[in-house]
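Thanks, everyone. Let me put the model on the screen and walk you through a few local features.

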Amino acid sequence: MQGLSHLQICFLGPENSLSFLQKNLESMGSMFEILGDQCWEGKDDQLADSFFKNWRGDISEEEVEKIENHGTILYVTPKECSAPYLDIAVEALQMIQFMLGNGAIAAKICGSDMVYNVESWQKIAQEATELVERGDRHQLFHVCSSAFVRRGIESDYCYETTGYHFLGLPEIYIPMETIDALEILAQTEQLAEEIWERGIDTIQETYNAEWSE
């Protein structure tokens with residue numbers, strides 16, 4: 001559960017909506033809980049800017065205005081439980097879907113800084129729910145990866161990922177000199193899928209990869 005112990009989801013809400021949002025989360029009966037010491041009524045322009053900076057996909061003028069004028073901030077994290085990582089990821093998506101339909105105006109996965117608009121979050125959550133019902137955990141892994149993981153981050157020497165630890169996997173670092181930038185997204189997704197299906201030991205042998213704590 002180490003990766004999930006660091007999972008936090010940030011919600012923005014309208015002015016004076018903290019109590020309302022807290023009650024809505026409690027009514028859902030979710031395996032998530034609000035971090036009381038990281039929630040407050042008020043506006044944080046720097047935090048709002050981080051939403052815009054990391055936005056993926058389209059954003060409407062209405063959404064921009066709501067985020068710029070937000071008046072409530074709350075952070076949510078999983079309660080202690082023994083459920084598989086993927087199941088908790090699905091629960092997180094369903095919780096995001098619920099909260100965005102019940103008072104919250106925007107959501108961000110902290111750590112990987114994944115931000116989508118309300119409609120996209122709802123579509124991702126709905127797809128994940130349908131895949132659970134069909135028992136298609138292979139495709140479910142891809143959907144959760146798209147929601148939680150940022151890939152192709154450039155450091156000084158490597159392309160990196162951040163967010164795979166939320167799904168119970170190690171982060172992936174690929175030296176820049178070994179891969180073309182246009183191939184990095186497909187390669188990291190392939191590696192993550194192989195690790196998820198076959199285990200890290202097999203992947204280390206196949207790719208002559210190193211493991212680091």
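I153 stands opposite E160 in β8. The partner strand is β7, residues 150–154, and β8 covers residues 158–162. The two pair in the antiparallel sense over three bridges. Pairing here requires at least two bridges found by DSSP. Three residues sit between β7 and β8, and the two strands form a hairpin. Helices (H or I, at least four residues) and strands (E, at least two) are DSSP runs, numbered from the N terminus.

A word on the source. This is a predicted model, where local features need pLDDT of at least 70, side-chain atom pairs count only at pLDDT 80 or more, and totals for chains, interfaces and linings use all residues. Residues are numbered from 1 along each chain as its sequence is written, and side-chain values use heavy atoms, with hydrogens and water left out.

Next, helix α6. It spans residues 118–134, 17 residues in total. From first C-alpha to last it reaches 25 Å, close to the 24 Å expected at 1.5 Å a residue. That expected span is 1.5 Å times one less than the number of residues.

Which residues of α6 are buried? They are W121, I124, A125, A128, T129 and L131. Buried means under 20% relative accessible area, exposed over 50%, partly exposed in between, with a 1.4 Å probe and protein chains only. Seen down the axis of α6, the buried residues fall within an arc of 165 degrees, so they line one face of the helix. The arc is taken from the directions from the helix axis to the C-beta atoms. An α-helix has 3.6 residues a turn, so residues three or four places apart point the same way.

What do the buried residues of α6 pack against? The partners are α5 (85–100), β5 (106–109), β6 (114–115) and α7 (137–148). Contact means heavy atoms within 4.5 Å. The face turned away from the buried side carries exposed K123, E133 and R134. After α6 comes G135, with a positive phi near 75 degrees.

Most residues other than glycine have a negative phi. N16 is not a glycine, yet its phi is positive, about 60 degrees. N16 lies in the loop between β1 (9–13) and α2 (18–28). N16 counts as exposed, at 60% relative accessibility. D113, also not a glycine, has a positive phi near 55 degrees. D113 lies in the loop between β5 and β6. At 26% relative accessibility, D113 counts as partly exposed.
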